[in-house]
Amino acid sequence: ADKSRREAELLSSLNAYGVAAPKYHGQITLDGMPGYIMEYIPGCSLLDYFMSHSLQCGKIARRFASIQADVNKTQPPEGFEDETNSVRWCVEHSNLPQKYIQFGLSVLESLRKGNDLCHSDYNLANVLINAIDEPVLIDWGGAAKGNYVSDVANATLMIMNGGTPPEMDRLTKIMIAFMRRTFERKYLRHYRRLRPFTKRELHDWQVVRAIGRMAYCVEGEKRNLLAFID
């Protein structure tokens, strides 16, 4: 109930600020469970588009970066939670040895805070392109105000560290890894043209977000994240 209410409030606030999010149409109770109604977006996700147009990797990566930069430049609605609080909680509950947790917390404390609108789950599957070719972002449950580089760092971790089915053949895994690296490189290059940051800033946020993701990420991500953290 609390999660549903919070997400409903987030959507309502985002709508009021003109952010590219589905329209919120009120709360509902279905089979005794609380929920909310939001706009249906006809179209496809950027992930679906990329899967069928992989030769347009550069074009899609640039659009992915531009959409995120526009969101990050938006003033967060009043009352939005500070992202640092949720990131700190995730680091503390990462189920990693204490030395990793303490390291992550110390790096987090050293990083510059911000007042940018951060989606916090920005990935290709959460960017829908509607019938008139406009982006609409979904899954705003973790949205907060923070440093835009944190949002970028989290996006790069999802690009690079998604799991692959164990039965997938080695050649296909190599091709997927290559496409991920290519997409990430083009995405970062374009984002930094729109809104600069240093490689050190990105790396430090990646370390913190990688440790934090261990608190909730899917099993397939954990091996790659642990290797990066180490």
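In the predicted model, the secondary structure of the protein consists of nine helices and seven strands. The radius of gyration is 18 Å, close to the 17 Å that the globule rule gives for 230 residues, so the protein is as compact as a globular protein of that length. Along the principal axes, the C-alpha atoms occupy a box of roughly 45 × 40 × 40 Å.

Buried residues make up 45% of the 230 residues. The accessible surface of the protein amounts to about 12,400 Å², and carbon and sulfur atoms contribute 55% of this area.

The cysteines were then considered with regard to disulfides. A disulfide is a covalent bond between the sulfur atoms of two cysteines. With a cut-off of 2.5 Å between cysteine sulfur atoms, the count of disulfides in the protein is zero. For C90, the closest cysteine sulfur belongs to C217 and lies 10 Å away, which is too far for a bond. C90 counts as buried because its relative accessibility is 15%, under the limit of 20%. The sulfur of C118 has its closest cysteine sulfur in C90, at a distance of 14 Å, and this separation is likewise too far for a bond. C118 is also buried, its relative accessible area being 0%.

Notes. Residues numbered from 1 in each chain as written. Predicted model: local features only at pLDDT ≥ 70, side-chain atom pairs only at ≥ 80, totals over all residues. Heavy atoms only, no water. Helix = DSSP H or I, 4+ residues; strand = E, 2+ residues; numbered from the N terminus. Rg over C-alpha atoms; globule rule 2.2 N^0.38 Å. Buried < 20%, exposed > 50% of the residue type's maximum accessible area, 1.4 Å probe, protein only. Areas by Shrake-Rupley, 256 points an atom, 1.4 Å probe, with all protein chains shown as cover.
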